[in-house]
Each structure stands twice: as structure tokens, then as C-alpha cells.
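This report goes through a few parts of one structure.

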Amino acid sequence: MLGLPCDSQGNQLPAGAKPPPAPVRLQSDWTPYRDRVAFELADLLYRKEQMPASNINTLLELWSATLIKHGDVAPFSTQAELYSTIDSTPLGEVKWQSFDLSYTGTRPTPPSRIPPWMDDKFRVFYRDAKTIVHNMLSNPDFKAEIDYAPIREFSAGKRQLQNFMSGEWAWRQANQLSTNAEAQGSLFVPVILGSDKTTVSVATGQNDYYPLYCSIGNVHNNVRRAHRNAVSVIDFLAIPKTNRQDANDPSFRKFRRQLFHTSLGHILGSLRPWMEKPDIVQCGDGHFRKIFYGIRPYIADYPEQALVACIVQGWCPICMRPKPDLEEGAGLPRGRAHTEFAVREFELGELWDNYGVVGDLVPFTNDFPRADIHELIAPDILHQLIKGTFKDHLVTWIEKYLKDSLGDTKASEIIAQIDRRIATVPPFSKLRHFHEGRGFKQWTGDDSKALMKVYLPAIDGLVPEDMVRTVRCFLDFCYLVRRDIQTEDTVKQIQAALTAFNEHREIFRTTGVRPDGFSLPRQHSMEHYVDRIWEFAACNGLCSSITESRHITAVKEPWRRSNRYDALDQMLMTNQRLDKLAAARVDFAERGMLSGSYAASLQTPQGSCNVGEAHSLAKRKLRKGEGRGTEGGGAVSGPKMMAYMTMAATPQRKYPSNAGELGDIFTLPRLGEHIRRFLYHELNRGRLSALSGAALPLEACPPFEDDSENIRVYHSATATYYAPSDISGIGGMRREHVRATPAWRGGPSRYDCVFVNKDQRVHGLLGMGIARVRLFFSFKYNGNYYPCAAVHWFHRTKDEVDNDTGMWLVEPAFISRGIPLISVIHLDSIVRAAHLIGLSVDQSVPDDLQSHQALDTFDTFYVNKYVDHHAFELLHHASLP
């Protein structure tokens with residue numbers, strides 16, 4: 001199954017054949033919008049700003065009033081016209097439908113004892129799954145980010161796994177289908193599903209919704225994580241409710257479960273015929289292909305996994321390891337054939353107690369070929385690892401250990417010290433600051449993710465070494481499985497981290513924190529990650545964080561913009577309009593109609609910018625820093641590049657422009673000398689030099705006068721780098737700001753630390769330096785432009801990581817008598833920002849210490865490899881304690 005192009009009748013085309021010509025549409029055709037301004041305005045008001053209808057009317061009325069004297073009108077007269085125009089957009093059209101389900105089982109007697117839920121009808125709203133999948137396959141935005149066949153990738157002779165189609169499961173499915181004569185040369189499309197209840201408000205009536213999401217395994221993981229129409233809501237499942245008295249009634253619980261499976265079977269029914277015969281679809285590259293569909297995998301948290309797999313809570317949905325023995329590792333795999341045999345042979349009570357099987361339920365996958373529910377379950381990093389093993393288990397257990405072993409008073413002092421360490425962590429781009437430590441009641445997934453980044457240094461020296469090492473091994477496991485590309489080596493590292501974690505966690509048993517052991521489903525799930533990576537490739541494309549973040553745009557924001565009366569109907573319409581706007585934007589962009597400024601698009605004939613030019617324009621925008629988004633950086637749309645640094649767009653005008661005065665202001669008294677040494681190395685690149693830095697005699701350096709009025713000062717620079725394992729744009733690019741300012745946001749100073757490239761041949765900190773930026777500046781010399789940074793160097797305390805935390809330790813470098821080791825370096829030598837956390841193992845953190853003072857207070861620092869996944873990949877050392 002190679003996904004070979006065919007014609008619209010399914011006949012295979014010769015190699016190199018071009019796709020059929022697309023329908024001719026003029027580049028001035030903005031149908032149904034009047035022009036680009038009208039489309040961009042509709043997108044701005046409806047999607048970006050989510051402006052209320054009354055405010056849209058006011059804005060359009062004011063706009064029209066200003067145009068009367070010019071004999072012109074606004075793009076829309078009212079919000080009704082704007083909404084109608086969006087509704088008439090021909091692209092992205094997948095209408096909502098509904099069906100009703102009700103209870104058909106045995107009813108109690110007399111009739112007066114029949115609970116209300118048995119008489120209720122439960123309405124399910126859905127969209128045609130086949131049409132949704134067609135839209136994804138035909139989306140030209142994905143044409144360079146999609147696999148048309150299962151693949152096996154190798155690097156340096158070793159297997160690597162990245163996107164879903166590089167896993168073993170897709171390969172096996174294609175082999176099974178290849179026995180079908182009609183499947184020769186066809187494309188296999190795995191349909192990925194995910195469901196999760198979400199709450200939109202705790203203060204108003206009906207506040208729970210139950211969306212079902214759909215994606216396809218062919219699109220690359222970075223596309224799915226960035227959404228970009230690759231994750232669509234296809235259904236809002238019914239949520240049966242009853243009174244407290246009937247909530248635990250076995251009949252109600254069974255009906256609630258079966259309602260779920262019956263609904264999914266109905267919703268996916270339009271795909272069923274095309275799982276065994278070809279569906280001919282035109283793809284985003286313009287070619288037709290024969291398509292065979294399959295159900296796989298399912299994204300869900302643990303309670304949802306138990307529901308989907310029809311197993312008893314507390315058992316594993318993937319293997320048959322008995323519930324009390326989950327800590328013993330992975331058991332024999334569950335399977336449809338074994339479950340059906342057990343259901344035939346055993347009573348329901350025995351199935352429940354001895355096998356963890358809910359025997360009176362039929363999984364929805366039984367209606368579809370080649371679908372085994374137990375093979376469907378995807379790994380869930382968010383709930384199994386971050387919220388589960390880390391927050392609910394390790395953090396809770398450490399606090400319990402302190403209270404059990406030290407008593408409440410002493411334990412409270414230690415916990416307060418942990419909180420002080422967390423509260424004084426230096427600021428960092430996109431890092432949440434815990435002002436009062438981690439002592440708050442309402443935990444979110446983002447809270448747990450943020451705490452993971454700073455927790456390990458906070459407990460070092462305050463709890464037994466094995467507890468520190470348990471947390472370290474868990475963090476290594478969690479960050480390793482989150483990698484964008486897995487290799488044979490990283491899979492071995494994952495297994496080694498898991499083995500070490502299982503060994504070190506015994507400290508919680510021996511200290512009495514977990515006397516009954518570790519038979520916990522979410523912790524047990526770690527045993528299946530290596531197998532799931534081989535099956536489905538990198539886990540970061542299948543995590544429930546994808547569906548949870550989709551809740552925001554598909555459920556929560558549409559609910560907030562509704563009037564709360566029959567809110568679901570309004571939410572369905574909102575989702576449909578958003579899909580239409582997204583599809584229209586992709587179409588206009590593909591035809592080169594969104595390039596350049598709005599004004600230029602009205603003045604320049606359409607078509608003056610082709611697709612290649614549009615790509616170059618995007619790259620130039622990245623380098624210029626346009627569209628930088630939030631202050632802290634984050635995901636960046638644009639072409640893939642490994643890394644680069646750029647100065648802030650605007651220099652600071654309030655400073656003098658000579659080295660002498662700037663040195664006084666920024667406490668760099670020999671700035672001119674440092675610039676001269678910098679120039680020596682810049683002008684002698686490629687030549688061997690035995691001298692460098694402060695040891696270089698000044699007489700050997702080019703002249704640079706302290707009073708030369710040639711220097712521009714900047715308060716920040718921007719690092720843009722390829723970080724697909726972190727939150728990033730569709731090309732895997734991420735951006736962060738590095739600060740060097742005496743007053744950040746009107747408050748204290750902030751001088752960030754950076755990684756400086758020294759030797760690319762050596763991995764980790766042995767090939768990089770750590771420095772703190774004291775000044776960003778630029779100047780011209782002999783007609784050449786030099787963007788620079790004056791930095792204070794740090795040095796490693798030793799050439800290996802700390803045994804317990806696995807982190808490098810560094811100290812500020814001084815020449816003598818407290819004189820800091822300063823250099824001027826080229827901006828291009830900076831890799832990205834580095835996050836340092838003060839080492840306070842043998843000292844208490846002062847109560848009055850603030851986070852912005854930490855880098856000036858501590859003598860030794862951890863180089864935080866857990867601040868994000870890119871930093872982890874730069875710094876991770878594979879050896880374990």
C-alpha cells in the first residue's frame with residue numbers, strides 16, 4: 001500500500017504523472033467576500049477577537065459613517081451580513097446532524113418505580129466522519145506534512161520513529177490490507193479518535209460537554225499538535241444524568257456505558273464500508289488516491305480508557321496483569337479474541353473480579369474490521385505521567401514522608417523551605433512563576449507541567465537521596481517519551497530510566513509511605529510506553545493534551561460567546577463557521593492571495609507573489625521578528641531552521657553611544673577593551689591563535705576608542721530555534737526572548753543567562769559555555785555590522801553531572817578579587833537562553849529573597865535541563881544513578 005496516485009475512477013497513473021488541473025479561479029475571486037479586507041475583517045472579528053454582535057454592529061456603523069463623504073461603505077453593513085457571508089463560504093462545509101437514543105431494557109414494576117432516565121431521549125449531535133476525513137486529506141496546507149504510505153526510517157543505520165506512519169502498527173495494517181486485490185497501490189488512513197468530558201462553568205446549570213475529536217494518522221505530529229484543522233470536533237456525546245439515589249444503579253451505569261459505545265458506532269458508520277473497499281479521494285497535492293480506512297488509535301485519560309476498553313476501573317486496559325499485581329510489570333496483552341472467549345466461558349461476576357472485564361458491554365470497535373479496542377489505547381503523557389505519577393503520586397508521597405517521619409511542625413518547616421526555593425527560581429521565558437511555592441488547591445495540567453520544571457532542585461538535600469533520584473528518573477522518563485523523534489538508543493534510555501525509577505521508588509515502601517506497594521494503573525502505564533512507541537511512533541502526537549487544548553476553541557470559547565440559552569446549538573454553529581473561515585484562509589493562501597500587507601494587496605495585481613516568494617517572505621518575517629506574539633515567545637509559524645538569534649527591532653535611545661559611558665552605566669568598566677579583543681577574533685577568524693579573552697594583549701588588538709559614538713543598546717534579543725518536542729509552530733519552530741535590561745516591565749532588573757556554542761562536535765555542556773548577558777549592543781567597524789553581547793562567564797564545577805539530580809552545576813567565573821570574567825561575544829554564538837536555579841542544599845533561602853535577586857545571591861547553580869524539552873535534549877546525560 002504505497003498511496004500511489006490514480007485517476008478519478010481509481011485507475012493507477014504512470015510514475016511522474018501530474019495531477020489533474022485545478023478548477024480555474026481568478027486570484028481576484030474572494031467569493032463570497034468582497035475582497036481581502038472583507039475576509040480579514042470577518043476573520044478578525046469572528047475568530048480572533050470573538051467580538052459580540054452588538055459591538056460588531058457599532059464598529060461597522062462607525063466605519064460606514066467615516067466613508068460617507070467618500071461615497072463608500074464598510075465591507076459589511078451589519079453583523080447579520082457578516083455572519084451570512086461566513087455561512088455562505090463554500091469550503092469547510094460539514095453540517096451538523098443528530099439522532100436520539102433511549103433505554104430499551106427491562107423496566108422495574110410497578111411503573112411508579114421507573115426512574116426518569118429510562119423515559120428520556122438522549123440526543124447526540126454529530127458531523128459525518130467521512131466528510132471530515134476527506135477535508136483533512138484534501139487540505140493543501142498539509143501536502144508537505146503528510147505520509148501516503150507506512151514508512152521505516154533509519155539514521156546512521158538505526159531505526160527511528162517519528163510520525164505515526166513510521167510505527168509498526170501502520171506497517172502491519174498495510175500488510176493485512178495488501179491481501180485485498182483492490183488495495184494494491186492504495187492509501188491506508190488510520191482514523192485517530194479522542195474523547196473527554198469538559199466543564200465550561202461551575203456556576204450555571206448545564207456545564208458539562210462531551211466532545212469527540214477526530215484526526216488522521218497520516219498527517220505529521222507537529223501538524224496535529226499545532227491543530228491547523230488536523231483535529232476536528234465531530235460529535236457532542238450525550239451525558240445521561242439522574243438523581244443521587246439512582247446514580248449507582250447497575251442498570252443506569254450499564255446504560256451510560258452502552259450509550260457511549262452505541263453512539264460511536266453510529267457516528268463512525270459512514271467509514272465502515274470503506275474499510276474493506278476503496279474510497280477515491282482527491283488529496284491536498286491534487287492527486288486522486290484509493291483510500292482504505294481503519295480505526296486507530298484512541299486518545300483518552302485513564303477513566304475514559306476504562307470506558308472505551310470495557311474494563312473495570314483499577315485494571316490495565318492493555319494487558320491482563322491482575323489488579324493487585326500491577327507493579328510487577330507488563331502482563332500478557334489483552335485482545336478481542338481472548339475477551340470474547342472469556343465472556344462465553346465465565347459468569348459476569350467472575351469476569352469482573354478475576355479478569356477486570358465488564359462482560360455485558362460490547363465495544364464499539366466490534367462493529368469494524370481489523371479493530372481491537374485493547375490495541376487502540378494511546379499513551380497519555382498528560383494524565384498518566386504529569387498529572388498522575390508526578391503530581392498525584394510523587395509530590396504527594398514526598399509531603400507524606402516528611403509529615404510521617406518528622407512530625408507536622410518540622411515537616412511544615414521543610415515544606416516551607418521547598419516552597420521558598422520554588423518561589424525564588426529566576427524568571428525565564430514562558431516559565432510560570434510560583435510566587436508562594438506550590439501551595440495552592442486548584443491544580444491544572446499547566447500547573448503540574450510548570451512544577452515539574454523546577455521541583456527537583458527544590459527537594460535536593462531536604463529528602464533522602466533515593467527520593468531525589470526517583471523524581472529524577474521519572475522526569476528523565478517523561479521528557480524522553482515526549483521526544484519528537486525516537487531512536488533505538490532513546491528507546492533504550494527510556495527503558496533504563498523506567499528500570500531505575502522502579503528501583504529507587506522502593507524508598508517509599510521502606511519508609512512506610514506506600515506499604516501496599518505501587519499497583520497503580522497510571523504508574524503501571526509506564527510499562528507500556530516502549531511498546532507503544534514501537535507501535536505508534538513518537539508519543540507526543542497522541543497525547544490528551546492535544547484534545548484538552550482543543551477544548552478551548554471547540555467548547556469553552558464557543559460556550560462563552562453564546563447567550564447560555566440552548567448554548568449547544570450556538571456552539572455547533574460557531575464551530576461550523578470557524579471551520580469555514582479556516583478552510584477559506586487555506587484556499588486563499590494556496591492561491592497566493594494573502595501575501596504582503598493589506599494595502600499592497602489592494603494596490604498590486606493579485607498573483608504577483610507566487611508560492612516560493614510567499615515562503616521567502618515568511619522567512620524574512622521570522623528574521624525581522626514580525627508577529628512575535630506574546631512577550632514570552634512561544635510557537636512560531638514559518639519554515640524550519642535549526643536556530644538563529646536576532647536583536648530586538650528597536651534600539652534604546654536613552655543611552656549614550658560610546659563604550660566609556662556605557663561601561664559606567666552597565667558596570668562594565670573595561671567595555672572598550674573587551675570590544676577590541678572581540679574585534680581581534682572576528683578579524684582573525686580561521687587563523688590559529690594561542691591567546692583568547694582577557695589574556696590577549698591589547699596591543700595585538702584593533703583600535704576602538706571609548707568615545708566612539710557608534711554603539712546602539714538593546715534590552716533584549718530573540719532566539720528562534722527548531723524545537724518540535726515543545727509547543728511550536730507547524731514547522732516545529734519556537735521563539736524565546738532573552739532579556740538584559742536594568743528595569744523589566746517597570747520593575748527590577750533582569751539579566752538572563754544563555755548557552756554559548758564553543759564546540760559543536762561535543763554534546764551537552766562540554767561543548768557549550770554558560771554566560772549571563774550584561775548588555776546587548778551593536779556597532780559598525782570598517783563598514784561591517786556587529787551584533788554583540790557583553791557576558792559574564794560561568795564555569796562548570798566538574799566535568800560530569802550531579803549524581804542525584806543529573807544536572808550540571810556551574811559557578812560565576814572571576815579573574816581575581818571578585819573581578820568577573822567578562823567577554824564580548826557575537827550574537828550568532830548564542831544558542832538560546834539558559835535557566836539557572838540556585839543551589840541551596842546547605843543553606844536556607846532567606847524569606848526576603850526575590851526571584852530577580854537569585855542570580856546575584858547564590859554561589860552555585862543547577863543548569864536546569866527540565867525547563868523545556870529542547871533544553872533537555874541539549875543537556876541530557878544518558879547515565880542514571
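Why is strand 27 (residues 830-834) largely enclosed by the rest of the structure? Five of the five residues of strand 27 are buried, so the strand is largely enclosed. Buried means under 20% relative accessible area, exposed means over 50%, and partly exposed lies in between, with a 1.4 Å probe and protein chains only.

## Basis of the values

This is a predicted model, in which local features need pLDDT of at least 70, side-chain atom pairs count only at pLDDT 80 or more, and totals for chains, interfaces and linings use all residues. Residues are numbered from 1 along each chain as its sequence is written, and side-chain values use heavy atoms, with hydrogens and water left out.

Helices (H or I, at least four residues) and strands (E, at least two) are DSSP runs, numbered from the N terminus. Two strands pair if DSSP finds at least two bridges between them.

## Strand 27 and its partner

Strand 20 (residues 753-757) is joined to strand 27 by four bridges, and the two run antiparallel. Within this pairing, C753 stands opposite A834 of strand 27.

Seven strands make an open sheet in the order 1-2-9-8-5-11-10, and the pairing is mixed. Its edge strands are strand 1 (96-102) and strand 10 (279-282), each of which pairs on one side only. From one strand to the next, the twist averages 35°. Strands of a sheet pair through backbone hydrogen bonds, either parallel or antiparallel.

Strand 2 and strand 9 (residues 232-236) run antiparallel and are joined by two bridges. Y126 has D235 in strand 9 as its bridge partner. Helix 4 lies across several strands, including strand 2, strand 5 (187-195), strand 8 (211-216) and strand 11 (288-299), and runs at about 40° to strand 8. Axes here are lines fitted to C-alpha atoms, for helices over the stretch in contact, and angles run from 0 to 180 degrees between N-to-C directions.

Another open sheet has three strands in the order 3-4-13, with antiparallel pairing. Strand 3 (153-155) and strand 13 (486-487) are the edge strands, each pairing on one side only. Three bridges hold the antiparallel pairing of strand 3 with strand 4 (residues 158-161). F154 has R159 in strand 4 as its bridge partner.

D128 sits in the loop between strand 2 (121-127) and helix 4 (129-137). D128 is buried but has no salt bridge, and the nearest side chain of opposite charge, K130, is 5.7 Å away. A salt bridge is a side-chain nitrogen of Lys or Arg within 4 Å of a carboxyl oxygen of Asp or Glu. The side chain of D128 does make a polar contact with the side chain of S270, at 3.0 Å. A polar contact is a pair of N or O atoms within 3.5 Å; within protein, one must be able to donate a hydrogen and the other to accept it, and residues adjacent in sequence count only if both atoms are side-chain atoms. Apart from neighbours within four places in sequence, D128 is in contact (heavy atoms within 4.5 Å) with V94, Q97 and S270.

H792 belongs to strand 22 (residues 784-796). H792 counts as buried because its relative accessibility is 11%. A polar atom of the H792 side chain lies 2.8 Å from the backbone oxygen of A813. Leaving aside neighbours within four places in sequence, the contacts of H792 include R772, P812, A813 and L821.

## Salt bridges

The whole structure has 46 salt bridges. One of them joins the side chains of R36 and E40 (3.4 Å, N to O). Both residues lie in helix 1 (residues 36-48), four residues apart, about one turn of the helix. R36 is buried at 4% relative accessibility, and E40 is buried at 9%. R36, E40, D43, R47 and R585 are linked in a network of salt bridges.

The side chains of K410 and E413 also meet in a salt bridge (3.7 Å, N to O). K410 and E413 are three residues apart in helix 13 (residues 381-423), so about one helical turn separates them. K410 is partly exposed at 41% relative accessibility, and E413 is partly exposed at 46%.

Definitions and conventions: Lys and Arg count as positive and Asp and Glu as negative; His and the chain ends are not counted.
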